[in-house]
Amino acid sequence: MFLKEKDTAEMPANVALIEKLFMPFMFQAIYVAADLHLADHLKDGAKSIGELAQVTQTDESALYRLLRSLSSMDIFKESEKGIFELTPMADWLRSDVEGSLHSMALMLGGQPMWNLLPELLTSVKTGESSFEKTFKLSFYEYLSQSENKKAGDIFNLAMYHNTQRQIKQILANYDFSSYHQIIDVAGNHGQLLTAILKEASDSKGIIFDQSYARELALANLNKEQVSDRCEFVVGDFFKEITKGGDLYILKHILHNWNDEKAIEILTKCREAMGDSGKLLVIDSVIEEGSSKDLAKFLDLQMLLLLGGKERTQEEYSRLCEASGLFIHRAIKMPMSMSLLEIYPK
């Protein structure tokens, strides 16, 4: 049923729609492959379905049907009958590669994400997150509970790998070397800032975040040998942000919040940066119109989970205007990501 991308131009509209209706099965098939670590088992070369069934403790016939379906989408390859190997896409499902998508597949296809998807209808009707109404606590509160440790660990690893994939693009597209003090607002464990400081050897930095991130952040600074140029400051960006930076960074922060809260965060950045500082917002920027754009579906996820949103550049401009800021330039990167360099008005 599923046709390759090159064939879709000739696909009748009803067939194209049917294919999309069956995508949840493809989604779950990828999740199952990740959960079974199939890509890890194939990293040293092709294996028979019998070998894979034995090492994953699965039914051989059922596992073959799973891999056959994924192979039809170029996720794994059946090189000969019953023999499977990695493809470029399947290689990203390995858990040991830099920027791995293994944890992302587990996060999106597992709990609590998968069970929440039917609540998208409620979020569309109300314009609000359905997570808190479903689970009686916020998404991040849910992940912090001891009984949900597995889901929390998977989420944190997915975000870690996500930043790994993006760091090279960020460093290739933006020169940080001219800044003396860089403050990463809600910088978590400092993965981005440590990479920046290793490139910008004369710069200093501050990771500004809540106390839960401090221990791992300091360990990361020591590991990457930048602790002499970077410190961790505990704080809340809704109250006050550390002053004295000539560059402030907000990476994947604003999309967690509705417009009112986003303006509050930007206003606190404006107060901290004074009249000479700059702000770099790193986030998805939605393409206008009906063009294909992954960020448009990420936007639905943010609505469902947090009541947040992805935004167009025009929408970001309105947030900046309300916060005493303006977008000086926008640098587009792959996967709908952009660097928005923002100045005080």
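Me: How many disulfides does a search of the whole structure find?

Reply: In general, a disulfide is a covalent bond between the sulfur atoms of two cysteines. In this structure, which is a predicted model, a search of the whole structure finds 0 disulfides.

Me: Are Cys-269 and Cys-320 buried or exposed?

Reply: Cys-269 counts as buried, since its relative accessibility is 0%, and Cys-320 also counts as buried, with a relative accessibility of 1%.

Me: In what order do the strands of the open sheet lie?

Reply: Strands of a sheet pair through backbone hydrogen bonds, either parallel or antiparallel. Here 3 strands form an open sheet in the order β1-β3-β2, and the pairing is antiparallel. The edge strands, each pairing on one side only, are β1 at residues 47-48 and β2 at residues 77-80. Between β2 and β3, the latter covering residues 83-85, there are 3 bridges, and Lys-77 has Glu-85 in β3 as its bridge partner.

Me: Which helix packs on the sheet?

Reply: The helix is α5, residues 60-71, which touches β2 and β3, and whose direction makes about 50 degrees with that of β3.

Me: How many aromatic pairs does a search of the whole structure find, and how should I read one of them?

Reply: A pair is read from the distance between ring centres and the angle between ring planes, and the search finds 16 aromatic pairs. One of them joins Phe-22 and Phe-25, with 5.8 Å from centre to centre and 35 degrees between the planes, and this pair is tilted. Phe-22 counts as partly exposed at 37% relative accessibility, while Phe-25 counts as exposed at 62%.

Me: Why is the pair of Phe-131 and Phe-139 called edge-to-face?

Reply: The ring centres of Phe-131 and Phe-139 are 5.3 Å apart and their planes stand at 85 degrees, so the pair is edge-to-face. Phe-131 is buried, with a relative accessible area of 1%, and Phe-139 is buried, with 3%. Both belong to one aromatic cluster, formed by Phe-131, Phe-135, Phe-139, Tyr-140, Tyr-142 and Phe-155.

Me: Which residue lies over the face of Phe-238?

Reply: That residue is Lys-261, at 5.1 Å from the ring centre of Phe-238.

Key. Residues numbered from 1 in each chain as written. Predicted model: local features only at pLDDT ≥ 70, side-chain atom pairs only at ≥ 80, totals over all residues. Heavy atoms only, no water. Disulfide = S-S within 2.5 Å. Buried < 20%, exposed > 50% of the residue type's maximum accessible area, 1.4 Å probe, protein only. Pairing = 2+ DSSP bridges. Helix = DSSP H or I, 4+ residues; strand = E, 2+ residues; numbered from the N terminus. Contact = heavy atoms within 4.5 Å. Axes fitted to C-alpha atoms, helices over the stretch in contact; angles between N-to-C directions. Phe/Tyr/Trp six-rings, centres within 6.5 Å; stacked < 30°, edge-to-face > 60°. Lys NZ or Arg CZ within 6 Å of the ring centre and 35° of its normal.
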